[in-house]
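Dear colleague,

Here is the structure I promised to hand over to you. Please open it beside this message, and then read on for what was found in it.

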Amino acid sequence: MRYILFFVLTLNLFSFDAVLNIEKDVETKTTLAILEDASSAGKTANHSKIFNILVNDLEMSGHFIVDKELKRGNFDDPLLPVELHNKEYVLKYRYGASGTTLNVKLIRVADATAVFQSNYSVNAMERYPFLSHNAVVQINKTLGYEDISWMKRNIIFSKYVGSSKSEIWIADYTLNFASIVLRGGLNLFPKWANENQSAFYYTSYNKLLPTLYRVDMATGSRKKVVSSEGMLVASDVSRDGSRVLLTMAPNGQPDIYEMNVKSGSKKRLTTFTGIDVNGKYIGDESQIAFVSNRIGRANIYTKAIGSRSVSRAARYGNNNSSCDAFGQNLLYSVKENSATNIYLGSVNSSYVRPLTSNGRNSLPRFSTNGKVILYIKQKAGRNSIGYMNLATKKSALFSMISGKIQSIDW
Amino acid sequence: MRRTILLTAATLTLIMAGCAQKKIRTLDTSTNVPQGGTTTVSEGSSTVIPATGGGSYQNVDPYGNGTGNGQYTTGDYSVDTPYVSSGIQNIYFQTDQYAITPDQLGIVSHNAKLLKQGLSSSSKVKIEGHCDASGTDEYNYALGLQRAKAAKDALMSNGINPTQIRLVSMGESSPECVSSSSAECYAKNRRVEFKVIR
């Protein structure tokens, strides 16, 4: 009898979560209202936009329930309006008349204390969205939430603007700031060269031999890295920036190589006679994930650098032509009838989960902390950049005005 | 009996621990908000990150004022201008495939004959591989290159010197058909082009 009792009571003792099953209950989010300083309101066209960017940033973090009604008041006034007393926090802000500064103050309503305040500036008015992104990152950190530094990074992408013509752009994640950094002919596959985004690689297809260049963002100087007949792509960069995974085709045979940035030496990592592309470092960067058609159609595989052994990594789909990796987690695009969807998987388990369900979704990318993904969505002839917070399930889509995105990095 | 009670109590304790909610963060949600009127804010010091002092600003812009607007490089255009010899034809491929189908091999032989007649010793044949817009671009560039390689092998078997052949993949960057994303339009984009560079 006692053994039956023991068995029944322990039936549900051990349950385990699937990978990345971290969900935040609504009850643990922070309620917050935003109050704009009335004296500086409306000075520029961006003044009406920055409120929306603040709301979007706070919501995208997944940690806040934001009152979307814009309130105005005095930034320096110690009094808080009555109607805001039902919120946990009030975020006061003053966006300066020059359009390049932002003052913020976070007031905890319960004891009427300013728990955080800071002032931000940018060098050019067009980069004003970064004022909001940086403020929200620090506010989020102040309240003890998980880091969301991905929000203040620049994205870099190439887009086709005509036959054999493309441009390389940088932007904030919402596309409220976007600026061309390189134009002229066919320049593709931009990739940040380091963690602090002070340089990027790209491939020029303007001469007979595709050529990889590295551009320094501060000086604009461009340095040739390597040329290769056929095709050349910088697919991934190691965390310390010292190694680059390249897709090269010296004899017309596309394979993955690892290049030491300092010495320029290259090591061939794949030897299959078909297609091996899109190498991504996984785990401690002693292994790579990559796309190959070695069993007839594009799919995702892994191998240890230096080993000949290859394992299939994608547990779903039989036409998977792009991937990204973070730790042991894998993102890949799956062609399914008329749609292409993004799936989240793991290289060392059978876990798989769809993240999109319609349209053409491709080029998935993990954020630097692996908790948010970026992807490109094409629907009804329109390109959008989509984001999904894997932990909080928050998502957003930002439309491009024109052009088709060819490649993107974060 | 006593052992049964102890066993049950221990089991219940384990269940309570095992079923504990996974919490990422517990927020201080003290609700001691004064009722009515306005609330006076006191500046300073009770928690967490200290305020940035005075009027000093954190510059959160990693780039200078002149960054962007295509000011870094304008790219370098091709100094070799390829052209298509009269009579040279494109060849076309099935979806996701890079093998030359039997019906296309005749076109390659015809191209090889014209090239042998027209190529000088310093000329090169640039073989461009192209793809339709399905699939991701990096994979498409590789697919286009495999198509170009298949065409190179076919030209070589028809007597063209491999040292006079250059391969490049254009992926989906230069579609022949842009009018729609129909199967017929996509079929026109899955191709190899043969160009002569003098």
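Let me begin with a single residue in chain A: just after helix 2 of chain A, Gly62(A) takes a positive phi of about 80 degrees. Please keep in mind throughout that this is a predicted model, and that its overall scores are ipTM 0.86 and pTM 0.85.

Helix 2 of chain A covers residues 47-61, and its 15 residues, at 1.5 Å a residue, should span 21 Å, which agrees with the 22 Å between its end C-alpha atoms.

One is an open sheet of four strands in the order 10-9-8-31, with antiparallel pairing. Strand 10 (178-183) and strand 31 (404-409) of chain A stand at its edges with a single partner strand each, so one side of each has no neighbour in the sheet. Neighbouring strands of this sheet are turned by 30 degrees against each other on average, direction ignored. Within it, strand 8 (residues 155-162) and strand 9 (residues 165-171) of chain A pair in the antiparallel sense over seven bridges, and Ile156(A) has Ile170(A) in strand 9 of chain A as its bridge partner.

Another open sheet of four strands in chain A has the order 11-12-13-14, again with antiparallel pairing. Here strand 11 (187-192) and strand 14 (222-227) of chain A are at the edges, and each has a single partner strand, so one side of each is left without a neighbour in the sheet. The twist averages 25 degrees from one strand to the next. Strand 11 of chain A is joined by four bridges to strand 12 (residues 199-204) of chain A, the two running antiparallel, and Leu188(A) stands opposite Thr203(A) in strand 12 of chain A.

Turning to chain B, the secondary structure comes to four helices and seven strands, which run from the N terminus as α-β-β-β-β-α-β-α-β-α-β. Of its 198 residues, 30% count as buried. Among contacts in chain B between residues at least 6 apart in sequence, 73% join residues at least 24 apart.

Some caution is needed with this chain, whose pLDDT averages 75, with 66% of the residues scoring at least 70. Among the elements of chain B, strand 4 has the highest mean pLDDT (97), whereas strand 2 (residues 42-43) has the lowest (41). Over residues 17-53 of chain B the pLDDT stays under 50, although the model has 60 contacts beyond four places in sequence for them. Where pLDDT is low, the predicted coordinates should not be read in detail.

In chain B, strand 7 (residues 191-197) pairs in the antiparallel sense with strand 4 (residues 91-92) over two bridges, and Tyr92(B) stands opposite Arg191(B). Strand 7 of chain B also pairs with strand 5 (residues 124-130) of chain B, in the antiparallel sense over six bridges, with Val196(B) as the bridge partner of Val125(B).

On which side of helix 2 of chain B do the buried residues lie? Gln104(B), Val108(B), Asn111(B), Ala112(B) and Leu115(B) are buried in this helix, and they cover an arc of only 105 degrees around the axis, which puts them on the same side. On the other side, Pro102(B), Asp103(B), Gly106(B) and Gln117(B) are exposed. The cover over the buried residues of helix 2 of chain B includes strand 4, strand 5, helix 3 (137-157) and strand 7 of chain B.

Finally, Arg147(B) is found in helix 3 of chain B. Arg147(B) is buried, because 27 other C-beta atoms lie within 10 Å, and, leaving aside residues up to four places away in sequence, it touches Phe93(B), Tyr98(B), Gly129(B) and Val192(B).

With best wishes

Notes
Residues numbered from 1 in each chain as written. Chains lettered and ligands numbered in written order. Predicted model: local features only at pLDDT ≥ 70, side-chain atom pairs only at ≥ 80, totals over all residues. Pairing = 2+ DSSP bridges. pLDDT = per-residue confidence, 0-100. Contact = placed C-beta atoms within 7 Å. Buried ≥ 20, exposed ≤ 12 C-beta atoms within 10 Å, placed from the backbone. Arc of directions from axis to C-beta. Axes fitted to C-alpha atoms, helices over the stretch in contact; angles between N-to-C directions. Expected span 1.5 Å × (residues − 1).
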